[in-house]
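Subject: Structure for your review

Dear colleague,

Please find below the sequence and structure that I am handing over to you. My findings on the ligand and its surroundings follow.

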Amino acid sequence: MAESTINSGTFGPKIIVALDFPSADAALHLAHALDPSQCRVKVGKELFTRAGPVLVEQLQQLGFDVFLDLKYHDIPNTTAQACRAAAELGVWMVNVHALGGRRMMEAACEAIDKTAHRPLLIAVTVLTSLDADELHEVGLSGNPEDNVLRLACLAETAGLDGVVCSPREVAALRETVANDFQLVTPGVRPAGVAVGDQKRITTPEDAICLGASYLVIGRPITQAENPPAALAEINAAIDIERIR
Ligand code: C5P
C-alpha cells in the first residue's frame with residue numbers, strides 16, 4: 001500500500017468505539033474499562049435518546065472525546081442551532097446529512113465557528129443501507145458511489161471537515177478530496193472477528209492504509225471478552241510505523 005495514502009494528519013486515537021448500548025449504565029461500565037488515550041467514543045441516536053446530554057458530559061468527564069452521531073437533517077436554521085447546542089455540550093465531532101443541502105451545511109459551519117470549542121463537523125453522504133434501486137426510488141439517479149463522491153465534494157465545498165463513508169469508498173474519495181478532509185469509516189472488522197450484519201467490510205489496517213482518518217468500531221470491542229485487550233490489538237494493528 002502506498003505510504004502517501006496513510007492519513008497521518010490526525011492526532012490522538014484513531015479508533016472511535018461505538019457505544020451502542022440501551023442504557024447509560026452499560027455505556028459507562030464499558031467506558032470505565034477503556035482508556036481515553038486509546039480511543040474516542042460515539043454516542044448514537046438510541047443511547048442519546050435514552051441517556052441524553054448528561055451521559056455525554058459524564059463521558060467527557062472521564063476524559064473521552066465524544067462523537068455525537070445524531071445525523072441532523074432539517075432546515076438550515078434548525079440544523080445550525082442543533083450543531084451549536086452540540087458544540088456547547090463540548091463534543092469533539094458531530095454530523096449532519098449532506099442531503100440537507102449546501103445552505104444547511106454552511107449554516108451549520110457558521111453556527112459552530114462561533115463557539116469556544118468548535119467540534120469537527122462531518123457529513124453522512126448516502127446511507128450504506130440503501131442500494132441503487134432504493135436510491136432511484138427516492139429520486140437519486142446514478143449508482144451509490146457516484147452519489148457518495150458528489151455529496152462528499154458538496155460537503156467539502158460547504159466547509160465541512162469530512163464525511164462518514166464505507167472503507168470501500170475511501171480510496172476513491174482520497175483521490176477527490178483534500179488530504180486533511182476526514183474520512184470516518186464504520187464497517188471495519190479485524191481478521192477472524194465475527195462480521196455480524198456488516199456487509200462490505202475491511203480490516204482496520206487496510207482501512208487506514210487506504211486513507212481512512214478514523215475508524216468507528218462497535219461490537220468487535222464492545223462484545224469482546226476483554227474490551228481493552230481487543231482495543232489494544234486493533235491499535236497495534238493500525239500503528240502507522242508498523243504498517244508503513
Ligand atoms: O458493531 P459495529 O462495529 O458494526 O458498529 C458500527 C457502528 O457504526 C454502529 O454504531 C453503526 O450504527 C455505525 N454505522 C455503520 N454503518 C454505517 C454508518 C454507521 O455501521 N454506514
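In this predicted model, the side chain of D20 places an N or O atom 2.7 Å from an oxygen atom of the ligand. A polar backbone atom of R219 is 2.7 Å from an oxygen atom of the ligand, and for G218 the distance from a backbone N or O atom to a ligand oxygen is 2.8 Å. The protein buries 78% of the 470 Å² that the ligand exposes when taken alone.

The shell around the ligand consists of A18, D20, K42, T128, P186, R189, Q198, V216, I217, G218, R219 and P220. By class, these shell residues comprise five nonpolar, three polar and four charged.

The largest pocket itself holds about 1,000 Å³ of space. It is lined by 36 residues, of which T128, S129, P186, G187 and Q198 are the closest to its centre. Two or more lining residues come from each of strand 3 (66-72), helix 6 (144-157), strand 8 and helix 9. The lining of the largest pocket divides into 16 nonpolar, nine polar and 11 charged residues.

Yours sincerely

How values were computed:
Residues are numbered from 1 along each chain as its sequence is written. This is a predicted model: local features need pLDDT of at least 70, side-chain atom pairs count only at pLDDT 80 or more; totals for chains, interfaces and linings use all residues. Side-chain values use heavy atoms; hydrogens and water are left out. A residue is near a molecule or strand if one of its heavy atoms lies within 4 Å of it. A polar contact is a pair of N or O atoms within 3.5 Å; within protein, one must be able to donate a hydrogen and the other to accept it, and residues adjacent in sequence count only if both atoms are side-chain atoms. Accessible areas come from the Shrake-Rupley method with a 1.4 Å probe; for residues, only the protein chains shown count as cover. Ala, Val, Leu, Ile, Met, Phe, Trp, Tyr, Cys and Pro count as nonpolar, Asp, Glu, Lys and Arg as charged, and the others, Gly among them, as polar. On a 1 Å grid over the protein atoms alone, a cavity is a set of points where a 1.4 Å probe fits but cannot get out, and a pocket is an open set with protein on both sides within 12 Å along at least five of seven lines; lining residues have an atom within 4 Å of a point. Grid points are joined across faces, edges and corners, and a volume is the space filled by probe spheres set on the points. Helices (H or I, at least four residues) and strands (E, at least two) are DSSP runs, numbered from the N terminus.
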